[in-house]
Amino acid sequence: MAEIEGQVKDEELDAEQQARRQLALAQIRQYPDAALKMAARPVEEFDDDLRRLAATQVGVLQRLFVFQVAEDETVALANPEIVERGEETTVEDEGCLSIQGVLLPVERPATIAIEGRDEHGAEVRYELEEPYSRVAQHEADHLDGVLILDRTTPEARREALGNLRPRIVIG
Ligand SMILES: [Zn+2]
């Protein structure tokens, strides 16, 4: 089972995908890295550095993430703001690349509208349904230093923190 940001996907990865995934994961800050709790700064310059991409999870505190808006469309969004949240909410188990091996139930609005700027600085707006709305909310939370641990039920949080605590092995 492969965990991807904000959702869980059942899928077999081939050896090459596995290797690429391991390489990517090695770049991602892992809980409890302090960078994960920090708020990211607004993007002010839309230059080549920005287009090479950055995110809180790789320790660059800029308000930017890359996400899917449809099955075959991935976009970069800078300075994202969730401007509308649907009334209907759903609860799904979410994984996080920064908290590996943990799945937590998170309640979120099923539909959202999100606005921001693309990698060239142009204003963009997306109206999203699940699963894209959930992933976008998960990524927007990262920019504010908010993790699924902060969004889940108290019981699930307690259990997860118990599992995340470093274990002392004697003998
Ligand atoms: Zn995450």
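Strands β5 and β6 are joined by a hairpin through two residues. The two strands run antiparallel, and seven bridges link β5 (residues 89-96) to β6. Strands are said to pair if DSSP finds at least two bridges between them. Within this pairing, E94 has L104 in β6 as its bridge partner. The model is predicted: local features need pLDDT of at least 70, side-chain atom pairs count only at pLDDT 80 or more, and totals for chains, interfaces and linings use all residues. Residues are numbered from 1 along each chain as its sequence is written, and side-chain values use heavy atoms, with hydrogens and water left out.

The chain holds five helices and eight strands. These elements are DSSP runs numbered from the N terminus, with helices (H or I) of at least four residues and strands (E) of at least two. From the N terminus on, their order is β-β-α-α-β-β-β-β-β-β-α-α-α. Of the 171 residues in the chain, 39% are buried. Buried means under 20% relative accessible area, exposed means over 50%, and partly exposed lies in between (1.4 Å probe, protein chains only). Contacts were also examined by sequence separation. Among those between residues at least 6 apart in sequence, 61% join residues at least 24 apart. A contact here means heavy atoms within 4.5 Å.

Strand β6 also contains L103. L103 is partly exposed, because its relative accessibility is 34%. L103 and E92 are 11 residues apart along the chain, and their C-alpha atoms are separated by 9.4 Å. In a regular strand, side chains alternate between the two faces of the sheet.

T152 sits in the loop between α4 (148-151) and α5 (154-164). Its relative accessible area is 13%, so T152 is buried. T152 touches L104, P105 and R157, leaving aside residues up to four places away in sequence. A polar atom of the T152 side chain lies 2.7 Å from the backbone oxygen of P105. For a polar contact, the criterion is a pair of N or O atoms within 3.5 Å; within protein, one must be able to donate a hydrogen and the other to accept it, and residues adjacent in sequence count only if both atoms are side-chain atoms. T152 and D93 are 59 residues apart in sequence, yet 9.3 Å apart in space from C-alpha to C-alpha.

The second largest pocket was examined next. Its volume is about 240 Å³. A pocket is found on a 1 Å grid over the protein atoms alone, as an open set of points with protein on both sides within 12 Å along at least five of seven lines, where a 1.4 Å probe fits; lining residues have an atom within 4 Å of a point. Grid points are joined across faces, edges and corners, and the volume is the space filled by probe spheres set on the points. The second largest pocket has 13 lining residues, of which I82, R85, Q137, D141 and R151 lie nearest its centre. At least two lining residues come from each of β4 (73-85), β6 (99-109) and α3. Strand β4 gives the largest share, four residues. By type, the lining has four nonpolar, one polar and eight charged residues. Nonpolar covers Ala, Val, Leu, Ile, Met, Phe, Trp, Tyr, Cys and Pro; charged covers Asp, Glu, Lys and Arg; the others, Gly among them, are polar.

Q137 belongs to helix α3 (residues 132-143). Q137 counts as buried because its relative accessibility is 4%. Beyond residues up to four places away in sequence, Q137 touches I82, R108, P109 and I112.

Several backbone features complete the description. A cis peptide bond joins Y31 and P32, with omega about 5°. P32 lies in the loop between α1 (15-26) and α2 (48-51). Another cis peptide bond, between E130 and P131, has omega of about 5°. P131 lies in the loop between β8 (123-128) and α3. N79, in strand β4, has a positive phi of about 50° although it is not a glycine. At a relative accessible area of 21%, N79 is partly exposed.
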